[in-house]
Amino acid sequence: MNIEKKEINYDKLAVAIIEAYDSDRMESGRKELVRGMRYVFEKYQKEEELQVVDDMLIAFTGYKLDTLLNMAEQISDDAVAD
């Protein structure tokens, strides 16, 4: 994939990402996130690769991986029950 970074409209990209998640994908989106995160952590295990994952999480959520993992520990099992 060859993307010209200077041609990316980051405002529109952000809206597209938010709309993709909001448009009736809340439940299926969670399942896709679970599958995607599992894939990412199985594929990218080197320290420098995990730093890129951390950077992406910061970009999309505002939080580092360790912060998100701490937040995840506070979520009740009932909140994720299918």
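**View 1. The largest pocket of the predicted model and the residues around its centre.** In this predicted model, the largest pocket holds about 1,600 Å³ of space. Its lining is made up of 32 residues, of which L33, M37, L57, F60 and T61 are the closest to the centre of the pocket. As background to such a view, rolling a probe the size of a water molecule over the atoms shows where empty space is left.

**View 2. The helices and residue types that line the largest pocket.** At least two residues of the lining come from each of helix 1 (10-22), helix 2 (26-43), helix 3 (47-61) and helix 4 (65-73), and among these contributions the largest share, nine residues, belongs to helix 2. Sorted by type, the lining of the largest pocket consists of 26 nonpolar residues, three polar residues and three charged residues.

View 3. Y10, L13, I17, V52, M56 and F60 together make a nonpolar surface patch of about 600 Å², to which helix 1 and helix 3 are the elements that give two or more residues. One of the patch residues, V52, has its place in helix 3, while F60, also part of this patch, is listed with the residues closest to the centre of the largest pocket.

**View 4. The protein chain as the setting for the close-ups.** The protein chain contains five helices and zero strands, and along the sequence these follow the pattern α-α-α-α-α.

Technical notes. Residues are numbered from 1 along each chain as its sequence is written. This is a predicted model: local features need pLDDT of at least 70, side-chain atom pairs count only at pLDDT 80 or more; totals for chains, interfaces and linings use all residues. Side-chain values use heavy atoms; hydrogens and water are left out. On a 1 Å grid over the protein atoms alone, a cavity is a set of points where a 1.4 Å probe fits but cannot get out, and a pocket is an open set with protein on both sides within 12 Å along at least five of seven lines; lining residues have an atom within 4 Å of a point. Grid points are joined across faces, edges and corners, and a volume is the space filled by probe spheres set on the points. Helices (H or I, at least four residues) and strands (E, at least two) are DSSP runs, numbered from the N terminus. Ala, Val, Leu, Ile, Met, Phe, Trp, Tyr, Cys and Pro count as nonpolar, Asp, Glu, Lys and Arg as charged, and the others, Gly among them, as polar. Patches are made of residues with over 30% relative accessible area and no salt bridge: like charges are joined within 9 Å, nonpolar side chains (Val, Leu, Ile, Met, Phe, Trp, Tyr) within 5 Å. Accessible areas come from the Shrake-Rupley method with a 1.4 Å probe; for residues, only the protein chains shown count as cover. A salt bridge is a side-chain nitrogen of Lys or Arg within 4 Å of a carboxyl oxygen of Asp or Glu.
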